[in-house]
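Subject: Handing over a structure

Hello,

Here is the structure I promised to pass on to you. Have a look at it first, and then read my notes below.

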Amino acid sequence: MRWIPEMGWSQGVFYSIFHAISAFNNAGFALFSDSMMSFASEPVVLLVLSGLFIFGGLGFTVVSDLAINGKKGFSRLGLHTKIMLTATPILLLGGTLFFFLLERNNPETLGALPIGGQWLSAFFQSASARTAGFNSVDIAQFGQPALLIMIILMLIGAGSTSTGGGIKVSTFAVAFYATWAFLRQKQYVEIFNRTVSWQTVTKSLAIIVVSGAILTVAMFLLMVTQQPNLNKYCLKPYRHLLPSD
């Protein structure tokens, strides 16, 4: 609908298939030099891609559960499916709102688009940030608050057994409910009237702690090795170990 009229049948079909596979697999590979920035206000491109990596990010167990028990009602679905179907829209809408409010006046990002394009790109970035990797605006021009929201969404990621990464939505949800149960002085963690074992809670917390530790070490190493002022004073004795450029 969008690329064949512009590129012709052979190239248009190839670009469509390539980006459909890349989006569903949350790979983020694009054949355009600016990713999807040229289509920042085009619903056909951004909504189709968003739908693909959201669907791929739900997880195959969720899709299977929906296919088998979806017609029986929400109550018949598995706990993991319920968490994914509830948390995914919350993350999508929350990220969209934050991106829109934080970047709508930035002329280098959303501020350069009409109001409809701003909401569309804010939604696209919210969906993409959770592991898809596409961008419809220049992420390098984002303000620090928007980048922080993006980092949080990237950390949470997609669902278990999905094509996305991150600590997983269900892991984040279990940790959230465990914290809420602790604050309410509950002796057990309950989600959708189902009790979650403490072993599962411990695993979720351990994943978050380990992931946070790895990210902290990685960010520290980047800060030390990539800032000229720090290189000048901190790494001078070890400069011969760094790449020549």
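Helices and strands in these notes are DSSP runs, numbered from the N terminus, with helices (H or I) having at least four residues and strands (E) at least two. Please keep in mind that this is a predicted model, in which local features need pLDDT of at least 70 and side-chain atom pairs count only at pLDDT 80 or more, while totals for chains, interfaces and linings use all residues. Residues are numbered from 1 along each chain as its sequence is written, and side-chain values use heavy atoms, leaving out hydrogens and water.

Let me start inside. A cavity is a set of points on a 1 Å grid over the protein atoms alone where a 1.4 Å probe fits but cannot get out, and its lining residues have an atom within 4 Å of a point. Searching the whole structure turns up 1 cavity of 30 Å³ or more. The largest cavity has a volume of about 80 Å³, a volume being the space filled by probe spheres set on the points, which are joined across faces, edges and corners. Which helix gives the most to its lining? That is helix α3 (residues 43–58), with 4 residues. Among the residues lining this cavity are Asn26, Phe53, Thr88, Arg130 and Ala158. By class, the lining has 6 nonpolar, 4 polar and 1 charged residues; here Ala, Val, Leu, Ile, Met, Phe, Trp, Tyr, Cys and Pro count as nonpolar, Asp, Glu, Lys and Arg as charged, and the others, including Gly, as polar.

Next, two residues other than glycine have a positive phi. Ser35, with phi near 60 degrees, lies in the loop between α2 (9–24) and α3. Asn193, with phi near 65 degrees, lies in the loop between β1 (189–191) and β2 (194–196). Are they buried or exposed? Buried means under 20% relative accessible area, exposed over 50%, and partly exposed in between (1.4 Å probe, protein chains only). Ser35 is buried because its relative accessible area is 8%, whereas Asn193 counts as exposed because its relative accessibility is 70%.

Leu66, in helix α4 (residues 60–69), is partly exposed because its relative accessible area is 31%. Leu66 and Val189 are 123 residues apart in sequence and 25 Å apart in space, C-alpha to C-alpha. Leu183 lies in helix α8 (residues 169–183) and is exposed because its relative accessibility is 58%.

Best wishes

Conventions:
On a 1 Å grid over the protein atoms alone, a cavity is a set of points where a 1.4 Å probe fits but cannot get out, and a pocket is an open set with protein on both sides within 12 Å along at least five of seven lines; lining residues have an atom within 4 Å of a point.
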